[in-house]
Amino acid sequence: MRRMLRIVNRVLLGVIGLALFVLGGSVLAVGLGASPPSWWIHDGRHDVLLSDADRARWRDEGWWWPVVIAVLALLVLLALWWLTAVLRRRRLAEVLVDTGDGEGALLRGRALEGVLADEAAQLDGVQRAQVHLTGRRSGPEARVQLLLEPHVDPGQALHSLTTEALAHARDSAGLAALPAEVRLRGVKHRAERVS
């Protein structure tokens, strides 16, 4: 769903941006003296986009105002849907922990994120770690970002994260698996002088 939303966002913003760019560029070109085609919305440099007659043409028609209000309401609803889809928090609020007695316990997602981030930050060569849990509460997934110190082997840091921090979190929560997406970044530092 998130990938689909990302694609819809990019396509929608690209189409709107392209349409505004073409419209604005054409109005600017006509305003600077370029000759417009015969079907274009205005004829020349001193013409306005909407004349008084164009603005008042449909005002007396019975269908005009309901259509305008319906289209604007639809645009507002689509904009609100898009805004809530983009801003909706995708963090996992709680994780279902198997207690072994047939019952389950709920663990706050932020608590597991905090413990996992603290343990990952204590690994050798890791300067800072951020963790976000996503997915379902019975099958969480981790998104981990590690900021690595200079001269650290990324492969070793990834191995330490999977065998120590992620394994501890998986075992302590009683999960069968804890899939993780790990992003590694290196700390920016000055070039060293070689003598």
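Arg170 is partly exposed, with a relative accessible area of 28%; here buried means under 20% relative accessible area, exposed over 50%, and partly exposed in between (1.4 Å probe, protein chains only). Arg170 forms a salt bridge with Asp171, and the closest N and O atoms of the pair are 3.5 Å apart. A salt bridge is counted when a side-chain nitrogen of Lys or Arg lies within 4 Å of a carboxyl oxygen of Asp or Glu. Side chains of opposite charge can pair when their charged atoms come close. Asp171 is exposed, because its relative accessible area is 52%.

The model is predicted, so local features need pLDDT of at least 70 and side-chain atom pairs count only at pLDDT 80 or more, while totals for chains, interfaces and linings use all residues. Residues are numbered from 1 along each chain as its sequence is written, and side-chain values use heavy atoms, with hydrogens and water left out.

The structure holds two salt bridges. Besides the pair described above, Arg183 forms a salt bridge with Glu181, with the closest N and O atoms 3.0 Å apart. Glu181 counts as partly exposed because its relative accessibility is 37%. Arg183 belongs to strand E5 (residues 180-186); helices (H or I, at least four residues) and strands (E, at least two) are DSSP runs, numbered from the N terminus. Leaving out residues up to four places away in sequence, Arg183 touches Val144, Gln145 and Leu146, where contact means heavy atoms within 4.5 Å. The C-alpha atoms of Arg183 and Leu96 are separated by 26 Å, and the two residues are 87 apart along the chain.

Strand E1 (residues 94-98) and strand E2 (residues 104-108) run antiparallel and are joined by five bridges; two strands pair if DSSP finds at least two bridges between them. Within this pairing, Leu96 stands opposite Leu106 in E2. The hairpin of E1 and E2 has five residues between the strands, and Gly100 there takes a positive phi near 90 degrees.

His151 has a value of about 65 degrees although it is not a glycine. His151 sits in the loop between strand E4 (139-148) and helix H5 (154-172). Is His151 buried or exposed? His151 is exposed, since its relative accessible area is 67%.

Helix H5 also holds Ser160. With a relative accessible area of 14%, Ser160 is buried. Ser160 touches Leu123 and Ala165, when residues up to four places away in sequence are not counted. Asp124 is found in the loop between helix H4 (109-121) and strand E3 (126-136). Asp124 is exposed, because its relative accessible area reaches 73%. Asp124 and Ser172 are 48 residues apart in sequence, and their C-alpha atoms are 22 Å apart in space.

Asn9 lies in helix H1 (residues 2-31). Asn9 counts as buried because its relative accessibility is 15%. Leaving aside neighbours within four places in sequence, Asn9 is in contact with Trp82 and Val86. Helix H3 (residues 64-87) includes Val67. At 39% relative accessibility, Val67 counts as partly exposed.

Which residues make the nonpolar surface patch of about 570 Å²? The patch is made by Trp58, Trp63, Val67, Val71, Leu72 and Leu75. Patches are made of residues with over 30% relative accessible area and no salt bridge, with like charges joined within 9 Å and nonpolar side chains (Val, Leu, Ile, Met, Phe, Trp, Tyr) within 5 Å.

Finally, the whole chain can be described. The protein chain has five helices and five strands, and read along the sequence the pattern is α-α-α-β-β-α-β-β-α-β. The protein chain has a radius of gyration of 28 Å, whereas a compact globule of 195 residues would have one near 16 Å; the radius is taken over C-alpha atoms, and the globule rule is 2.2 Å times the number of residues to the power 0.38. Along its principal axes, the C-alpha trace spans about 75 × 65 × 20 Å. Of the 195 residues, 20% count as buried. The accessible surface comes to about 14,700 Å², of which 60% belongs to carbon and sulfur atoms; accessible areas come from the Shrake-Rupley method with a 1.4 Å probe, and for residues only the protein chains shown count as cover. Among contacts between residues at least 6 apart in sequence, 49% join residues at least 24 apart.
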